[in-house]
Amino acid sequence: MNRRRRIYEGKAKVLYEGPEPGTLIQHFKDDATAFNAQKHALIDGKGVLNNRISEYIFLRLGEIGVPTHFMRRLNMREQLIREVEIVPLEVVVRNVAAGSLATRLGLEEGTQLPRSIIEFYYKDDALGDPMVSEEHITAFGWAAPQEIDEIMQLALRINDFLVGLFLGIGIRLVDFKVEFGRLWENDQMRIVLADEISPDCCRLWDIATSDKLDKDRFRRDLGGLLEAYQEVARRLGVFTDNRPVKGLGPVLVASNPSVNGKPN
Ligand SMILES: Nc1ncnc2c1ncn2[C@@H]1O[C@H](COP(=O)(O)OP(=O)(O)OP(=O)(O)O)[C@@H](O)[C@H]1O
Ligand SMILES: [Mg+2]
């Protein structure tokens, strides 16, 4: 077994040195954490599902011209990615009031927002990822004004695409978190989508039943997290076994699917 150099171990993923300079291997673990890792559990198979779901979404985004760090999937839990300099911001896009926004502004969860809203959180676990404004971001040099513009434009394009993708499979995209990084190519720097997009970092509500198909099942002790992620993968047409993903594409959901329904 060849020993790979571990670059970083986070809450949900491990980064290893990649085969070429400028590449990394992103390994998806089964760990589920919430509330800044105060709550922690192992959910057997979650990493496999997130690897597949994130691969699928990054590939589709690449096809519409959103630059991403994704190169290719290596195996059930790992993907080859381009190493980037992560912009130390969690970029949240919201379409519907939920979670901290609902609490902070006294909105009922599920209220449609007047338009999509972007929020920034400074990535610092010790501080609990505090919300910051563009003023803080530029004053402290976390990103330049131009980079913020680029990030916001990309975030909105990703949102528009994902809202439609999920709508087509009977799912409401309530909100999601993404991370961006700086990638240098021949002295040129561009902002690319990095990290992952999976039910760990989205709120996904079944349109027919209002069932939650995301990490809120874990945060709120609702159970059935794996079944919910499997359902998302199934509807996206992502296989969870070893077969290559053949252009099956999203599966249109006709009526009242249940989170407990048997995934294929
Ligand atoms: N292409 C990339 N190049 C370099 N670092 C990346 C890339 N994509 C993601 N990362 C970083 O890899 C780590 C992934 O691990 P994980 O998501 O488990 O971290 P985490 O526990 O959420 O911690 P963090 O607060 O750093 O995000 C994150 O720190 C993320 O910012
Ligand atoms: Mg993370």
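Tutor: Sorted by class, the shell around ligand 1 holds eight nonpolar, three polar and eight charged residues, where Ala, Val, Leu, Ile, Met, Phe, Trp, Tyr, Cys and Pro count as nonpolar, Asp, Glu, Lys and Arg as charged, and the others, Gly among them, as polar. This is a predicted model, in which local features need pLDDT of at least 70 and side-chain atom pairs count only at pLDDT 80 or more, whereas totals for chains, interfaces and linings use all residues. Residues are numbered from 1 along each chain as its sequence is written, while chains are lettered from A and ligands numbered from 1 in the order in which they are written.

There are 19 residues around ligand 1, and Gly10, Lys11, Lys13, His69 and Ala194 come nearest; a residue is near a molecule or strand if its C-beta atom, placed from the backbone, lies within 6 Å of it. At least two residues of this shell come from each of strand E2 (13–17), strand E7 (78–82) and strand E12 (171–185), with helices (H or I, at least four residues) and strands (E, at least two) being DSSP runs numbered from the N terminus. Domain 1 (6–85) and domain 2 (86–224) each contribute at least three residues to the shell around ligand 1, the bounds coming from an automatic or database domain assignment.

Since both domains take part, their contact deserves attention next. The centres of domain 1 and domain 2, taken over C-alpha atoms, are separated by 17 Å. Across the boundary, 20 residues of domain 1 are in contact with 23 residues of domain 2, contact meaning that the C-beta atoms of two residues, placed from the backbone, lie within 7 Å. On the side of domain 1 that touches domain 2, strand E4 (31–34) and helix H1 (46–63) each supply at least two residues, and H1 gives the most, with seven residues. By class, that side of domain 1 divides into 12 nonpolar, five polar and three charged residues.

From the shell, strand E12 leads on to another strand. E12 and E14 run antiparallel and are joined by five bridges, where two strands pair if DSSP finds at least two bridges between them; in this pairing Arg172 stands opposite Trp205 in E14. Strand E14 (residues 202–206) is largely enclosed by the rest of the structure, because five of its five residues are buried. Here a residue is buried if 20 or more other C-beta atoms lie within 10 Å of its own, exposed if 12 or fewer, and partly exposed in between, with C-beta atoms placed from the backbone. In a regular strand the side chains alternate between the two faces of the sheet. Both faces of E14 are covered, with Cys202, Leu204 and Asp206 buried on one side and Arg203 and Trp205 buried on the other.

Most residues other than glycine have a negative phi, and most peptide bonds are trans. Asp187, in the loop between E12 and strand E13 (188–194), has a positive phi of about 70° although it is not a glycine, and Asp187 is exposed, with 5 other C-beta atoms within 10 Å. Ser210, in the loop between E14 and H5, likewise is not a glycine but has a positive phi of about 65°; Ser210 is exposed, with 9 other C-beta atoms within 10 Å.

One residue of helix H4 (residues 145–167) is Phe161, which counts as partly exposed with 17 C-beta neighbours inside 10 Å. Leaving aside its neighbours within four places in sequence, Phe161 is in contact with Leu61 and Ile64, and its C-alpha atom is separated by 9.8 Å from that of Ile57, 104 residues apart along the chain.

Finally, the setting of these parts is a chain with six helices and 14 strands, in which 35% of the 264 residues count as buried. Of the contacts in the chain with a separation of 6 or more, 57% are accounted for by residues 24 or more positions apart. The C-alpha atoms of the chain fill a box of roughly 50 × 50 × 35 Å, taken along the principal axes.
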